[in-house]
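A reader with a new model on the screen may wish to know how its features are read.

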Amino acid sequence: MPPATESTSAAGHQVLRVGTRDSKLALIQTDYVIQKIQAAYPALTIKTETMKTIGDKIQDIAMSKFGDKGLFTKELESALEANMIDIIVHSLKDMPTQLPENMTLLAITQREDPRDAVIMSRRNLGKRISDLPAGSVIGTGSVRRVAQLRRLYPCLVFQDIRGNLTTRMAKLDAEDSPYAALILAVAGMKRQGLGERISHPLDNVLHAVGQGALGIEVRSDDSKTAEMLSGCLNHRESRLACLAERELMRRLEGGCSVPIGVRTAWSQDKRSLKLSAVVASPDGAKEVRACDEM
């Protein structure tokens, strides 16, 4: 592939190379971003480059054991640094708050519903999580979700589950499934056309930092790409809310092994932002909550 510096159209690009993970959800999200770019630059040729990250390859270890969100970004960032691609489309919640020195978070797209949701097994359709009998097994790979849900529903059992959304749904719907329900992100379910399987959102559980938004990463010295894409991909309210959430996590030095939950809400006139947060012990026995308005 020719390096981006040799491109000659659309702010210096003849071909824009977009890097992404190769999962179904990642490709759907990347297609959304490409459509936004193509609407702004109809003549621009855009190519998608897919790859697997370490996080995609290791499916038998709980995410909390790694303690490093870079598991879903490092291979893509290596390709970006080597000028094999021009931008990366990430699920923002997977992006570490500290990026490599030569990388920058260029844009944050308009956010989908950031809440978590209960996905009931087919045998429990029509029920709410509060209806499940004691000992029911709930599948989730998130220590943040478990820490909050254990306080709310101490009679339930929470069990780790890995794999992409399709794999998790298959595990839930298997005839011999041990799971009464899964906890998944509303955004991922909706983007894959599975919104009808959402039993109900969890309004009493604070979501992950950046959940529901996409982050666009570029090389810090690639001013041409930054100039071209910043305006057509950034969504003001989503960007400011997510940056506030990411700064909170950065200050707390949190990651996928630390139960940190957040919620941001704009005032009606969009002039002030309310940020709520919780930090809990992994077993949910202790938690600290705070709220501030900016």
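Q: What does the secondary structure of the protein chain come to, and what share of its 294 residues counts as buried?

A: The model is a predicted one. The protein chain holds eight helices and 13 strands, and 51% of its 294 residues count as buried. Among contacts between residues at least 6 apart in sequence, 69% join residues at least 24 apart.

Q: Which residues of the largest nonpolar core touch the most other members?

A: A core is read from its members and from the elements that supply them. Here the largest nonpolar core has 18 residues, and those that touch the most other members are Leu16, Ile37, Ile87, Leu229 and Leu233. Two or more residues each are given to this core by strand S1 (15-21), H1, strand S3 (87-91), strand S4 (103-108), strand S10 (214-219) and helix H7 (223-233). With four residues, H7 gives the most to this core. Another core, of 15 residues, lies apart from it and includes Ile129, Tyr153, Ile183 and Leu202.

Q: Which residues does leucine 16 touch, not counting residues up to four places away in sequence?

A: Leucine 16 touches Ile37, Leu44, Thr45, Ile46, Lys47, Asp86, Ile87, Met228 and Leu229. Of these partners, Ile37, Ile87 and Leu229 are also named among the core residues that touch the most other members.

Q: Which residues of H7 are buried, and where do they lie around the axis?

A: In H7 the buried residues are Thr225, Met228, Leu229, Cys232 and Leu233. Because these residues cover an arc of only 100° around the axis, they lie on the same side of H7. Ser223, Glu227 and Gly231 are exposed on the other side of H7. The cover over the buried residues of H7 includes S1, H1, S3, S4 and S10.

Q: How many of the residues of S4 are buried, and how many bridges join S4 to S10?

A: Strands of a sheet pair through backbone hydrogen bonds, in either a parallel or an antiparallel manner. S4 is mostly covered, with five of its six residues buried. S4 and S10 run antiparallel and are joined by five bridges. Within this pair, leucine 105 stands opposite glutamate 217 in S10.

Q: Is glycine 215 buried or exposed, and which residues are in contact with it beyond four places in sequence?

A: Glycine 215 is in strand S10. Its relative accessibility is 0%, so glycine 215 counts as buried. Leaving aside neighbours within four places in sequence, glycine 215 is in contact with Ile88, Val89, His90, Leu92, Met95, Leu105 and Ala107. Isoleucine 88 is 127 residues away along the chain, yet the C-alpha atoms of glycine 215 and isoleucine 88 are separated by 8.0 Å.

Q: In what order do the five strands of the open sheet come, and which are the edge strands?

A: The order is S7-S6-S8-S5-S9, and the pairing is mixed. S7 and strand S9 (200-201) are the edge strands, each pairing on one side only. Strand S5 (residues 116-120) runs antiparallel to S9, and two bridges join them. Alanine 117 has proline 201 in S9 as its bridge partner.

Q: Where does proline 154 lie, and is it buried or exposed?

A: Proline 154 lies in the loop between helix H4 (143-152) and strand S7 (157-159). Its relative accessibility is 66%, so proline 154 counts as exposed.

Terms used: Residues are numbered from 1 along each chain as its sequence is written. This is a predicted model: local features need pLDDT of at least 70, side-chain atom pairs count only at pLDDT 80 or more; totals for chains, interfaces and linings use all residues. Side-chain values use heavy atoms; hydrogens and water are left out. A nonpolar core is a set of buried Ala, Val, Leu, Ile, Met, Phe, Trp, Tyr and Cys residues joined through side-chain atoms within 4.5 Å. Buried means under 20% relative accessible area, exposed over 50%, partly exposed in between (1.4 Å probe, protein chains only). Contact means heavy atoms within 4.5 Å. The arc is that of the directions from the helix axis to the C-beta atoms. Two strands pair if DSSP finds at least two bridges between them.
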